[in-house]
Amino acid sequence: MNDIKILAIESSCDETAAAVVVNGREALSNVISSQIDIHTLYGGVVPEIASRKHTERINRVVDKALKDAGVTLDEVDAVAVTYGPGLVGALLVGVSFAKGLAFAAGKPLIGVHHIEGHICANFLQFKELVPPFPCLIVSGGHTTLTRVKDYGEYEILGRSCDDSAGEAFDKVARAIGLGYPGGPKIDALSNEGDAEAIAFPRAKVDGSEFDFSFSGLKSAVLNYLNSCALKKEEVNTADVAASFQKAVVDVLVEHSMLALEKGGEKRFAIAGGVAANRHLRAAFEKACSERGVEFYCPPPVLCTDNAAMIGSAAYFEYIKGVRHGLDLNAMPALRLGERI
Ligand code: KG4
Ligand code: ZN
């Protein structure tokens, strides 16, 4: 069979990205234009600004992805785009652009689920990895423990019933004055702190051993900061960062290992922006190696938002014959595994 080259576009949040991916496993290019500097000024992503910046940048980003790959639009087999979940205005920029491109070039259009993309980052990095395997997705919008039954087929084992892990990182970072984006800043600051200094809670969700809850942990950090302020005690922010981060990582590892033990699997993957966290990666590596489990974790650039992962997910849809029409719309609340 001929190689299948897919031009993929991602614009669900604050990264404008495009990539060319071959056979779902190899990125010929992976261009990411981040808006982090702009949103940092406001302490978080401003949806309207994100949409405008996507509009300004998408043309150049897609051009560069084709150029870096040494491929013309004529030579690609399909155009893929994230159509949900995400910020509706931001998604619409990518979806509209991809539709225009696919129509003008006479190429098939494939809409991709953003979280499926995160999972598929593992297929780019680990050519030998094939389903089934369990995977923990930890991003800014989602914390989901799933079994990847086959390409594009998922069984949800657990999810967060309130804040996602990434949201907790971002909110706690804001509370201790680190600003946006919180995850990488807590990751760095925690190196200077003692993870055992403050006993923050590890929440369990009644009736569901694989679900997560992080809002109580976030409140515990805020209460701790308030009580220090009332008592006029100095706060060691590095200790807060390290202790908070350990509480998140402990729960993620514990639930994931329980799922592994119950399922009897010997492989485990992680994905999503929070999977770039060094302490989380090290903790999973240790837990998996103690159990003789093969651990898969994409490099940080494939954990945070990018279009190569969307090109990988699109390939597995393409070979199943999935094609979207020009009526493809942005679906801000699309669920994992849902096909529209
Ligand atoms: O997957 P992602 O890039 O976008 C979404 O799909 O949401 O994830 C973004 C999230 C943010 O909450 C960010 O703070 C977090 O990932 N993040 C991290 C790290 N790098 C990014 N969290 C902890 N440690 C990191 N090194
Ligand atoms: Zn993402």
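Two strands are said to pair if DSSP finds at least two bridges between them. The views below show a predicted model.

**Figure 1. Pairing of strand β6 with strand β9 in the parallel sense.** Strand β6 covers residues 133-138, and strand β9 covers residues 267-271. Three bridges connect the two strands.

**Figure 2. Antiparallel pairing of strand β6 with strand β7.** Strand β7 comprises residues 143-150 and is joined to β6 by six bridges. A hairpin of four residues leads from one strand to the other. P134 is positioned opposite R147, a residue of β7.

**Figure 3. Burial of strand β6.** Six of the six residues of β6 are buried, so the strand is largely enclosed by the rest of the structure. Both of its faces are covered. One side carries F133, C135 and I137, and the other carries P134, L136 and V138; all of these residues are buried.

Figure 4. Apart from neighbours within four places in sequence, F244 contacts A168, F169, V172, I186, F200, L217 and V221.

**Figure 5. Separation of F244 and K5.** The C-alpha atoms of F244 and K5 are 43 Å apart in space. Along the sequence, 239 residues separate F244 from K5.

How values were computed
Residues are numbered from 1 along each chain as its sequence is written. Chains are lettered from A and ligands numbered from 1 in the order in which they are written. This is a predicted model: local features need pLDDT of at least 70, side-chain atom pairs count only at pLDDT 80 or more; totals for chains, interfaces and linings use all residues. Side-chain values use heavy atoms; hydrogens and water are left out. Contact means heavy atoms within 4.5 Å. Buried means under 20% relative accessible area, exposed over 50%, partly exposed in between (1.4 Å probe, protein chains only).
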